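Biologist: Please show me the sequence and the model, and then let us discuss them in turn.

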Amino acid sequence: MTAVAAVAAAAVGAVALPASAADHHPGRAHAAVYISGVQYDSPGRDDRSNRSLNKEWVDITNSTRRAVNLDGWTLRDEDGHSYTFRHFRLDGRATVRVHTGMGRDTRTDLFQDRRAYVWDNNSDTATLRNDHGRFVDDASWGHHRHGGDHRGHRH
């Protein structure tokens with residue numbers, strides 16, 4: 001994301017979302033739990049510092065009034081890197097940000113505790129599955145957008 005695009009996104013109140021990841025569900029009502037945002041290109045230099053790694057993230061939102069137990073759910077990229085939620089309940093009408101780097105888990109921020117980037121800057125898909133391995137949601141960017149296939153879902 002260029003500096004100009006970042007400033008423009010901030011000016012309109014966006015949550016630092018690339019356009020392709022922000023609108024991956026055009027015309028569809030959101031499911032109870034869904035990927036609401038992705039920052040796949042960490043702002044600044046990709047120097048593999050923990051600070052830079054934690055600026056790469058995926059937001060998961062619960063649109064219902066009831067808490068959802070995410071224990072055993074997974075978030076995976078196209079290369080097979082997988083994060084498993086452990087002992088985490090997502091409150092109703094809440095969002096949790098899953099950072100790539102290391103940190104202390106809270107109700108609003110979880111950390112994969114990785115020392116390398118997960119999300120490809122050129123093209124990738126973040127896929128969320130429940131504790132039974134069933135597809136819940138995904139967000140794609142890059143080749144999906146330019147290849148003409150912008151459905152946003154693969155089942």
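Modeller: A salt bridge is taken here as a side-chain nitrogen of Lys or Arg within 4 Å of a carboxyl oxygen of Asp or Glu. The model under discussion is predicted.

Biologist: With that cut-off, how many salt bridges does a search of the whole structure find?

Modeller: Side chains of opposite charge can pair when their charged atoms come close. The search of the whole structure gives a total of two.

Biologist: In E8, which residue is the bridge partner of Arg-97?

Modeller: Strand E7 (residues 94–99) and E8 pair in the parallel sense over three bridges. Within this pairing, the partner of Arg-97 in E8 is Asp-109.

Biologist: What is the order of the open sheet with mixed pairing?

Modeller: The edge strands of this sheet are strand E1 (33–39) and strand E8 (109–111), each pairing on one side only. Neighbouring strands are turned by 25° against each other on average, direction ignored. The sheet has four strands, in the order E1-E2-E7-E8.

Biologist: Which strands stand at the edges of the open sheet with antiparallel pairing?

Modeller: This sheet has four strands in the order E5-E4-E9-E10. The twist averages 15° from one strand to the next. Each edge strand has a single partner, so one side of each is left without a neighbour in the sheet; these strands are E5 (82–84) and E10 (135–141).

Biologist: In E9, which residue is the bridge partner of Leu-75?

Modeller: Strand E4 (residues 74–76) and strand E9 (residues 124–129) pair in the antiparallel sense over three bridges. Arg-76 has Thr-127 as its bridge partner in E9. For Leu-75, the partner is Leu-128.

Biologist: Which residue takes a positive phi in the hairpin of E9 and E10?

Modeller: E9 and E10 pair in the antiparallel sense over six bridges, and Arg-129 has Phe-135 as its bridge partner in E10. Five residues lie between the strands of this hairpin, and the one with a positive phi, near 80°, is Gly-133.

Biologist: Which loop holds His-87?

Modeller: Most residues other than glycine have a negative phi. His-87, although not a glycine, has a positive phi of about 50°. His-87 counts as exposed at 74% relative accessibility, and its location is the loop between E5 and E6.

Biologist: What is the phi of Arg-93?

Modeller: Arg-93 lies in the loop between E6 and E7. Arg-93 is exposed, with a relative accessible area of 54%. Although it is not a glycine, Arg-93 has a positive phi of about 55°.

Biologist: In the largest nonpolar core, which residues touch the most other members?

Modeller: E1, E2, E7, E9 and E10 each supply at least two residues of this core. Five of the six residues of E9 are buried, so E9 is largely enclosed by the rest of the structure. Of the 25 residues in the core, those that touch the most other members are Ile-35, Ile-60, Leu-75 and Phe-85.

Biologist: What average pLDDT does the protein have?

Modeller: Over residues 1–28 the pLDDT is below 50, and over residues 145–155 it stays under 50. Where pLDDT is low, the predicted coordinates should not be read in detail. For the protein, 73% of the residues score at least 70, and the average pLDDT is 81.

Technical notes. Residues are numbered from 1 along each chain as its sequence is written. Side-chain values use heavy atoms; hydrogens and water are left out. Two strands pair if DSSP finds at least two bridges between them. Axes are lines fitted to C-alpha atoms, for helices over the stretch in contact, and angles run from 0 to 180 degrees between N-to-C directions. Buried means under 20% relative accessible area, exposed over 50%, partly exposed in between (1.4 Å probe, protein chains only). pLDDT is the predictor's confidence in each residue, from 0 to 100. Contact means heavy atoms within 4.5 Å. A nonpolar core is a set of buried Ala, Val, Leu, Ile, Met, Phe, Trp, Tyr and Cys residues joined through side-chain atoms within 4.5 Å.
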